Amino acid sequence: MTRLTLAALLLSSSPLWAQVPRVVADVPINHSLTALVMGDLGTPELLLDRGGDAHHAQLRPSQARAVAGADLVIWTGPALSPWMQDVIAGLSNARVLELAEFEGLIRQPFGAAREFGEHEEHDHNEHHDHEHEHGEFDPHLWMSTANAARWVEEIAETLATLDPANADTYRRNAQRSAESFAVLHSELTRSLAPAQGVGLVFHHDAFGYLARDFGLNVLGTIADGNAADPGAARIATLRADLVAAGAACIFPEVNHSDAFARIVAEGTDLRLGAPLDPEGVTGVPGPQLYAETMRALAQGIADCAQGD
């Protein structure tokens, strides 16, 4: 084969790879779902650093350049990642995929009946609003595997539009992923069965879809706030409220101190669960992160419910 023939062959086969879009995702869950859809064709870039806060982040110059050079930017929406709004507003050429806006998603308002600790000495409502800046519905939509399946479908269709040569691959990967999520749902159902009926209290209101899908009894949320020295009277009141509500487990959350939950649970029958990671910020980024995050949540909740 001559050099000219070889060069022509290489050029004729290169568009399948040359046309693969440059994709950036805001948070680990979205990055994982996108990686599943892209498969071997390419690797999306993740903006949120491992261990970062999905609700608050600041881009490094290199990350800002990555966004500016992207063909597709994927994010949940301002209710989850308000820090992305300025990033999105500054884009001129990239396609933007806002996952929370798709038709066919299961949406529900925040489900916690109360926020334990509203009577704390610091302004808890101000703290809570600052932490979440959430909108009218709960944006932790991936907590329902059905929503995750809908997301990979939409991600695949968007990539297929940008890269028609690989459209079949994107759609096939999305279908396989959706099928795996159905299997994951069954697995989570078995894992969470021991937690049904057990009174659960979480750090923040991120588990409504999980509770809906698996019949969990989420009583509410607490805030650890600036509770290094919460005071004996307040601790006593919180303990009484939790016990009266039928709480059995209190769960801290990664990226937040567990000191407040520990102090409240001390001297009671309330069990302190393992710190939960609903947004997957401590996991290893990649296609397996979504399923691993959901399994870890289920295991952590079930372990506490069973007293393990």
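**Entry 1: R190**

I looked up R190 and found this residue in helix 8, which covers residues 167–192. The model I am reading is a predicted one. Is R190 buried or exposed? Its relative accessible area is 59%, and the cut-off for exposed is over 50%, so I note R190 as exposed. I also checked R190 against A298: their C-alpha atoms are separated by 9.4 Å, while the two residues lie 108 residues apart along the chain.

**Entry 2: the disulfide**

I asked how many disulfides the structure holds. There is one. C249 and C304 form it, with 2.3 Å between their sulfur atoms. The pair links distant parts of the chain, 55 residues apart. C249 sits in strand 8, residues 247–251, and C304 sits in helix 12, residues 289–305.

Next I looked up the torsion about the S-S bond of C249 and C304. The value is about -115°, so I wrote the disulfide down as left-handed.

Then I checked the accessibility of each cysteine. C249 has a relative accessible area of 0% and is buried. C304 comes out at 4%. Buried means under 20%, so C304 counts as buried.

I turned to helix packing. Two packed helices are described by the angle between their axes and the distance between the axes, so I took down both values for each pair.

Helix 3 spans residues 28–38. Against helix 12 it packs at an angle of about 130°, and the axes are 8 Å apart. Angles over 145 degrees would count as roughly antiparallel and those from 65 to 115 as roughly perpendicular, so helix 3 and helix 12 are oblique to each other.

Which residues meet here? From helix 3 I listed P28, I29, S32 and L33; from helix 12 I listed L289, Y290 and T293. By class, this contact has five nonpolar residues, two polar ones and no charged ones.

**Entry 3: helix 3 and helix 7**

Helix 7 runs over residues 145–162. Its axis and that of helix 3 come within 9 Å and cross at roughly 55°. Helix 3 and helix 7 are therefore oblique to each other. I noted the crossing as right-handed.

On the helix 3 side the contact is made by N30, L33, T34, V37 and M38. On the helix 7 side I found A148, W151, V152, I155, A156 and L159. I sorted the residues of this contact by class and got nine nonpolar, two polar and no charged.

Methods:
Residues numbered from 1 in each chain as written. Predicted model: local features only at pLDDT ≥ 70, side-chain atom pairs only at ≥ 80, totals over all residues. Heavy atoms only, no water. Disulfide = S-S within 2.5 Å. Helix = DSSP H or I, 4+ residues; strand = E, 2+ residues; numbered from the N terminus. Buried < 20%, exposed > 50% of the residue type's maximum accessible area, 1.4 Å probe, protein only. Axes fitted to C-alpha atoms, helices over the stretch in contact; angles between N-to-C directions. Parallel < 35°, antiparallel > 145°, perpendicular 65-115°, else oblique. Contact = heavy atoms within 4.5 Å. Nonpolar A, V, L, I, M, F, W, Y, C, P; charged D, E, K, R; others polar. Left-handed = near helix turned anticlockwise from the far one by under 90°.
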